[in-house]
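This briefing is for a reader who is new to the structure.

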Amino acid sequence: MTNLKWLIVVACTGLSLTAQVFSLTKEQLIKYTAQNPFERFPDGRPKVPDALLEKLKDMSAEEVLALSNRGFRNQWEAGWQVLHPNKILVGRAFTLQLMPARPDVTSVDQADRRAKNLPVLNHQSAIDMLQKGDVLVVDAAGVQFGGIIGDNLAYYIMKTTGAGFVIDGAIRDIRGVAPFDMGGYYRAAVPPAIHDLMVTGINVPIRIGSATVMPGDVVFGDPEGVYFIPPSQLQELVDEADVTHIHDEWTKRKFDEGKYVSSEIYSRPRDPALLKEYEAYLKEKLGASRYEEYLKRRQRAPTPTPQR
């Protein structure tokens, strides 16, 4: 981003959001996301492939719940106001941390940035860094005295990312934002614009409610809430979801036959012959190689079939 563009951003906002207390170097970000199996952005943020993100759009929160069986029990947050409950939000987390402003903190950062001939940071500094497929994830400590974004910035986020936002705080201009075709999660909608907040980190670990979010986590939002999925866990979650979909398909086909009570088929066939039939159906649908991978996963860490 050019210095001119940074100066335009600062001149147009004029808001009291002026410090970045916390930061991660590229090396530190790679260190704390070392299990990421995919490519990375130039700053070190994990870059989950678009094709895998597309597959996630066919999943449900109940299928992502398998994360907790893998030790990731603090990746879910509920209690949102949801912009479009029937729209699934999927993308890569771009994190922004905001805190209530303190003059003694902001003055130090302002002086430091002036000495380095750098522009003042604000929330739009982060928004201007967004890329296609990003989800803006904002830790604003749940404060509701001013909207982090309104209709203009929401529109920019929609056009730039094609995804949406998760804001642990307020937004504004809700009547203007509501028609936009994007995913959005927020705590409240209020009339005032953002004020009295300072930027304390861009693309750093943040807390969203009871969830810990790392830059590059995969954001999955549905009507029930939002998951923040470590990239290292995504492929197996998607693979297990494929198994679940096939299992559900076979189960309903057997129910359609009208010959069985539910417990004979669901959640696992009791009759050895039916179990063999199901396994053959699963192998046919998955293909031999993916079926073998499925058997290996089941031996490593058996996961109960989600109840539906």
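The points below are grouped by topic.

This is a predicted model, in which local features need pLDDT of at least 70 and side-chain atom pairs count only at pLDDT 80 or more, while totals for chains, interfaces and linings use all residues. Residues are numbered from 1 along each chain as its sequence is written, and side-chain values use heavy atoms, with hydrogens and water left out. Helices (H or I, at least four residues) and strands (E, at least two) are DSSP runs, numbered from the N terminus.

**Helices α9 and α12**

- Helix α9 (residues 231-256) packs against helix α12 (residues 288-300) at an angle of about 105°, and their axes are 11 Å apart.
- Axes here are lines fitted to C-alpha atoms, for helices over the stretch in contact, and angles run from 0 to 180 degrees between N-to-C directions.
- The two helices, α9 and α12, are therefore roughly perpendicular (65 to 115 degrees).
- On the α9 side the contact (heavy atoms within 4.5 Å) is made by Glu236, Asp239, Glu240, Asp242 and Val243, and on the α12 side by Arg290, Tyr294, Arg297 and Arg300.
- Seven of the residues in the contact of α9 with α12 are charged (Asp, Glu, Lys and Arg), two are nonpolar (Ala, Val, Leu, Ile, Met, Phe, Trp, Tyr, Cys and Pro) and none is polar (the others, Gly among them).

**Aromatic rings**

- The whole structure holds five aromatic pairs, counted for rings of Phe, Tyr and Trp (its six-membered ring) with centres within 6.5 Å.
- One of them joins tyrosine 291 and tyrosine 294, with 5.8 Å centre to centre and 40° between the planes; this pair is tilted, the term for planes neither under 30 degrees apart (stacked) nor over 60 (edge-to-face).
- Tyrosine 291 and tyrosine 294 are separated by about one helical turn, because they are three residues apart in helix α12.
- Both tyrosine 291 and tyrosine 294 are buried (under 20% relative accessible area, 1.4 Å probe, protein chains only).
- Arginine 187 lies over the face of tryptophan 80, 3.8 Å from the ring centre; for arginine this requires CZ within 6 Å of the ring centre and within 35 degrees of the ring normal.

**Backbone features in loops**

- The peptide bond from tyrosine 266 to serine 267 is cis, with omega near 10°, and serine 267 lies in the loop between α10 (262-265) and α11 (272-286).
- Aspartate 173, in the loop between β7 (164-171) and α8 (174-177), has a positive phi of about 55° although it is not a glycine.
- Aspartate 196, in the loop between β8 (183-189) and β9 (197-202), has a positive phi near 55°.

Conventions: Angles under 35 degrees count as roughly parallel, over 145 as roughly antiparallel, 65 to 115 as roughly perpendicular and the rest as oblique. Buried means under 20% relative accessible area, exposed over 50%, partly exposed in between (1.4 Å probe, protein chains only).
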